[in-house]
Amino acid sequence: MSVNEKRIRYLNKTSKSGGPILYWMSRDQRIRDNWAFVLAFQLACSRQSPFAVVFTLTPHFLGAGLRQYQFMMDGLCEVETELADLGIGFWLHIGEPAATIVEVVHQCRAGSVVTDFDPLHIKRQWKQELCRETNVEVLEVDAHNIVPAWETSSKLEFAARTIRPKIHRLLPEFLEPFSALEPLPTKFRLDVPKVDWDITRKAVNIETVSRSEEYIIPGGQAGHNALAQCVESKLIGYDTRRNDPLTDGQSGLSPYFHFGQLAPQRAALDVMSAKHIPENDKQAFLEELIVRRELSDNFCLYQSSYDTIDGAPDWAHKTLDAHRNDARSATYTFAEFESAQTHSSLWNAAQSEMVKAGKMHGYMRMYWAKKILEWTPSPEIAIDIALRLNDTYQLDGRDPNGVTGVMWSICGVHDRAFKERPIFGKIRYMNEAGCRRKFDVDGYIARWT
């Protein structure tokens, strides 16, 4: 199995030859169905160089809490076991990731580093520091998107309707099957000590985490099991059931995609080959999985202000600015939002769902973010509060999807102008009455209060 060269970007080219090959795992925390891992494995074999996988763990990352670290750590334990079965060592280092990976590269005299594509600022800064502080060859692989983000488009796309035909045109080339993994030949194995998971967990105080009844089982195997359940039964009726927060109508796969424990490409292949799923349900799921998710990566890749009001389209920026001094019926502090102490039982229920379960139904995420805009003194404050809450409590927070969702709700990103009204201006409006027309609001409140 070879990796399509269009999936690969050279971040640092060098004439240096020899030395171990390192796969710096970050966004795609899996071995199965991982083009970045495949490339690193192939480089080691073709160059007859030692090979190992390294993960750099920072105890503080964009507001992530113990829940997210627990989910990630359990998945990484599984990764170490799978690598051991292939005869491949797994290094886990704790510290500031950029400085740590630089130290690892110098320590083992690495010849090449293969790493995951990620459009977030902080991940790009880590890679820039690696390239600046070493002369090692660095190759970045987009193993997260089915169509590599830079192949889909070279610019910021306006909306789903502009990026959709570009993705669909390229899918036949990139939506290819994966092959089974093979053990690494003994002569290429790098001696790496086993991870001391007790020390690692204590570094982020994970031993204090309690699992609620809503706990989502982490790890690659759990992700594949969840996907199998989706293919077997959950996607039947998906087109109509997905927008009802009281039905189990969504896939539930987003935490596995976020932590890279499950490849979106695997999900697409399995769903597309399932003959028993009605075509409208299949297409609705694939639209969310491929077009909407990859549109979010496009936004964060090409919009440098993706998490501030400067990232809003011009029309939205103007209309929000024109209404920034409009009277608010109520305003709340971050602490009041966090503890679900608003006048709205529906909003409080959505916040409680996120805090208790580590997730929020997709339809409610939109309502939730728009009400933060309505109940804060300015769009800037609304963006900050929505992103902080999202990143702290959502298992799939700190992700282009979450950022783009907040920016769609508050700043009209990837949307159009609507009828003008106070506070929102021409930003799409949502209220409780609209929710009541779509689902049993009282039942949802009772479920999460």
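Reader: At what angle do the axes of helix α15 and helix α17 cross?
Author: This is a predicted model, where local features need pLDDT of at least 70, side-chain atom pairs count only at pLDDT 80 or more, and totals for chains, interfaces and linings use all residues. Residues are numbered from 1 along each chain as its sequence is written, and side-chain values use heavy atoms, with hydrogens and water left out. Helices (DSSP runs of H or I, at least four residues) and strands (E, at least two) are numbered from the N terminus; axes are lines fitted to C-alpha atoms, for helices over the stretch in contact, with angles from 0 to 180 degrees between N-to-C directions. The axes of α15 (residues 345-357) and α17 (residues 379-393) come within 9 Å and cross at roughly 35 degrees.

Reader: Which residues of α17 make the contact with α15?
Author: Contact means heavy atoms within 4.5 Å. On the α15 side, Gln-351, Met-354 and Val-355 take part. Their partners on α17 are Leu-389, Asn-390 and Tyr-393.

Reader: How many charged residues does the contact of α15 with α17 have?
Author: Ala, Val, Leu, Ile, Met, Phe, Trp, Tyr, Cys and Pro count as nonpolar, Asp, Glu, Lys and Arg as charged, and the others, Gly among them, as polar. Four residues here are nonpolar and two are polar.

Reader: Is Glu-157 buried or exposed?
Author: Buried means under 20% relative accessible area, exposed over 50%, partly exposed in between (1.4 Å probe, protein chains only). Glu-157 meets Lys-155 in a salt bridge (3.8 Å, N to O). Lys-155 has 45%, so Lys-155 is partly exposed. Glu-157 has 3%, so Glu-157 is buried.

Reader: What is the phi of Ile-423?
Author: Ile-423 lies in the loop between α18 and α19. At 7% relative accessibility, Ile-423 counts as buried. Ile-423 is not a glycine, yet its phi is positive, at about 65 degrees.

Definitions and conventions: A salt bridge is a side-chain nitrogen of Lys or Arg within 4 Å of a carboxyl oxygen of Asp or Glu.
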